[in-house]
Amino acid sequence: MSADVANHLSEHRITRIVADDDAMHVSERNHLAQCDSCRKAVSALENDLERLRRQAVKATPAPERHFVLPAARSERHRLSRRRWRWAAAGSVLSAALLAIVLWVGDNNRLPGISPTTLPVAAVEDPAMIKAQALAVNALPPAYLALSESLDGGYDRGFIDFLIPPLDDDSMS
Amino acid sequence: MAATSSPPPHDRDTDVSQLATAARDGNRFAFQQLVTILEPKIFRMIFYRTRSREDAEDICQDVFLKAFRSLKKLQQPERFESWLYRIAVNRVKDYHRRQKFRSLFSVLNDNDNEEDAQAEPPGERNGEPIDAIVRKEFWQKVQTMLGQLSKMEQEVFLLRFLDELGIKEIAEVLHKSESTVKTHLYRALGKFKNDTAFRAFIKEAQP
């Protein structure tokens with residue numbers, strides 16, 4: 001008898017068995033099968049928890065409102081929504097295109113020349129417009145002189161060394 | 001070990017899993033069936049934590065609506081119930097957060113609430129004032145017992161013994177490991193076990 005008493009399940013083990021009976025060891029199961037005292041302790045705790053659960057269910061009122069699914073969208077509604085989406089996308093696209101056209105038109109205008117200041121003949125002839133633009137935007141003479149002197153100073157062999165001609169087969 | 005009157009879990013779980021799969025694939029009727037099966041449980045679960053029928057109804061609506069709208073995100077239909085509980089737990093947390101915020105202004109509304117309470121005592125509408133008192137006392141005692149537990153111990157205890165979820169499901173609902181859940185559960189159960197006054201009360205009480 002004293003050996004049985006010594007082998008009684010501890011409070012912690014009883015708690016663990018009630019909390020999660022899957023975690024019960026074989027030895028505990030065997031002990032419970034033989035020991036009235038431990039079996040009573042386990043079932044007393046389980047019964048109290050079961051009572052608590054049942055009383056909680058009884059002390060809970062029934063809901064007066066039940067969940068109802070929101071109405072399904074009809075095919076017509078879905079089509080209408082799709083049409084609205086396409087219309088909105090179309091509007092945005094048109095606005096974007098218009099903005100691009102305006103922006104490009106504005107940037108293509110030649111710098112320094114106001115269309116209102118050009119003679120009528122120049123406005124009509126594109127070559128004249130370019131000539132006019134070059135005349136207005138010509139580089140200062142000092143820059144032109146500098147570029148000429150630099151250009152003349154380089155040896156052709158040096159240029160070829162820097163930028164090999166396409167028919168160079170020195171690597172083959 | 002605890003005896004339960006619910007049907008064998010495997011069959012019920014299979015039903016829920018199949019219905020959840022169908023609902024995810026756009027079958028509204030399947031979702032409505034899921035609501036029929038799970039709404040009483042979810043409503044009770046929320047009521048245990050709010051103790052207000054109207055608030056529980058509102059939150060329950062939110063939970064199912066959120067589930068319906070997020071069905072496409074559900075990757076494992078076999079875990080639909082855990083997923084639903086997780087939504088409910090989060091909604092209840094939001095509710096308590098709002099309540100806490102409102103309580104900051106409760107001084108201003110105290111008089112109004114007292115008038116409301118006098119105008120319509122709980123349960124009076126059903127002609128069951130005694131039942132209402134018994135229920136109220138029951139929940140007060142439960143609250144006192146739960147008051148000895150930490151927040152996590154309370155949640156784990158309620159999910160395990162009142163909502164009847166398994167350890168694995170609780171771990172999924174709370175996003176915790178099973179060992180963490182067990183640790184909190186053992187502590188909570190130990191406190192319940194030692195609360196002899198509460199255990200004596202539930203032996204006698206008949207709400």
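**Interface of chain B and chain A**

Eight salt bridges cross the interface of chain B and chain A by the rule used (a side-chain nitrogen of Lys or Arg within 4 Å of a carboxyl oxygen of Asp or Glu). This is a predicted model: local features need pLDDT of at least 70, side-chain atom pairs count only at pLDDT 80 or more, and totals for chains, interfaces and linings use all residues. Residues are numbered from 1 along each chain as its sequence is written, and side-chain values use heavy atoms, without hydrogens and water.

**Extent**
- Chain B brings 44 residues to the contact and chain A brings 37 residues; contact means heavy atoms within 4.5 Å.
- About 4100 Å² is buried between chain B and chain A, with 61% from carbon and sulfur atoms. Buried area is the accessible area (1.4 Å probe) that two parts lose on being put together, summed over both.

**The side of chain B that touches chain A**
- Helix 2 (28-50) and helix 9 (178-194) are among the chain B helices that each supply at least two residues. Helices here are DSSP runs (H or I, at least four residues), numbered from the N terminus.
- Helix 2 of chain B gives the largest share, nine residues.

**Single residues**
- A:Arg65 pairs with B:Glu57 in a salt bridge, with the closest N and O atoms 3.4 Å apart.
- B:Lys193 lies in helix 9 of chain B.
- Leaving out residues up to four places away in sequence, B:Lys193 touches A:Glu11, A:Ile14, A:Thr15, A:Leu45 and B:Arg199.

Technical notes
Chains lettered and ligands numbered in written order.
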